[in-house]
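Here's a quick walk through one model, from its surface to its strands and side-chain contacts. Have a look at the structure first.

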Amino acid sequence: MKKRNIAIHFLVLLMLIATFSACASTPTRASTGVYIDDSVITTKVKSLLAADDFLKSFQISAETYQGTVQLSGFVNSQKAVDKAGEIVRSVKGVKSIKNDLIVK
């Protein structure tokens, strides 16, 4: 009975270790928590850009990886580029911005 309890405790511990290591991040892959955080940031950025009267006519793409938001697309003026950057900076959780918007 004592050996059985030790074996069960060992298996439970092993399962916990496997679970936590499966959710951990690596240099090339974000952890589950980071991925969810990035998805929330992307959703907030896209909704704010679409809600802005000045920017909603432009097709601006936003992607987030580990808190860095990358904007891409075409706009008509530098003012639009600056405005999009301001909106992204206002979102909680954004660590940096890579603004690749092109003025046409």
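Patches here are built from residues with over 30% relative accessible area and no salt bridge, joining like charges within 9 Å and nonpolar side chains (Val, Leu, Ile, Met, Phe, Trp, Tyr) within 5 Å. Accessible areas come from the Shrake-Rupley method with a 1.4 Å probe, and for residues only the protein chains shown count as cover. On that basis, Ile8, Val12 and Leu16 make a nonpolar surface patch of about 250 Å². Val12 is found in helix 1 (residues 2-22); helices (H or I, at least four residues) and strands (E, at least two) are DSSP runs, numbered from the N terminus.

Some housekeeping: this is a predicted model, where local features need pLDDT of at least 70 and side-chain atom pairs count only at pLDDT 80 or more, while totals for chains, interfaces and linings use all residues. Residues are numbered from 1 along each chain as its sequence is written, and side-chain values use heavy atoms, with hydrogens and water left out.

Now the strands, which pair if DSSP finds at least two bridges between them. Strand 1 (residues 60-65) runs antiparallel to strand 2, joined by six bridges. The two form a hairpin with two residues between them, and Gln66 in the turn has a positive phi of about 50°. Strand 2 also pairs with strand 3 (residues 96-103), this time in the parallel sense over eight bridges. Leu71 in strand 2 stands opposite Ala62, and its bridge partner in strand 3 is Asn99.

In a regular strand the side chains alternate between the two faces of the sheet. Strand 2 (residues 68-75) has Val69, Leu71, Gly73 and Val75 on its covered face, and Thr68, Gln70, Ser72 and Phe74 on the uncovered one.

The structure holds two salt bridges, meaning a side-chain nitrogen of Lys or Arg within 4 Å of a carboxyl oxygen of Asp or Glu:

| Salt bridge | Closest N and O atoms |
|---|---|
| Asp52 with Lys83 | 3.5 Å apart |
| Lys56 with Asp53 | 3.6 Å apart |

Asp52 lies in the loop between helix 2 (32-51) and strand 1 and Lys83 in helix 3 (residues 78-89), so their pair ties together parts 31 residues apart in sequence. Asp52 is buried at 14% relative accessibility (buried is under 20% relative accessible area, exposed over 50%, partly exposed in between; 1.4 Å probe, protein chains only). Lys83 is partly exposed at 29%.
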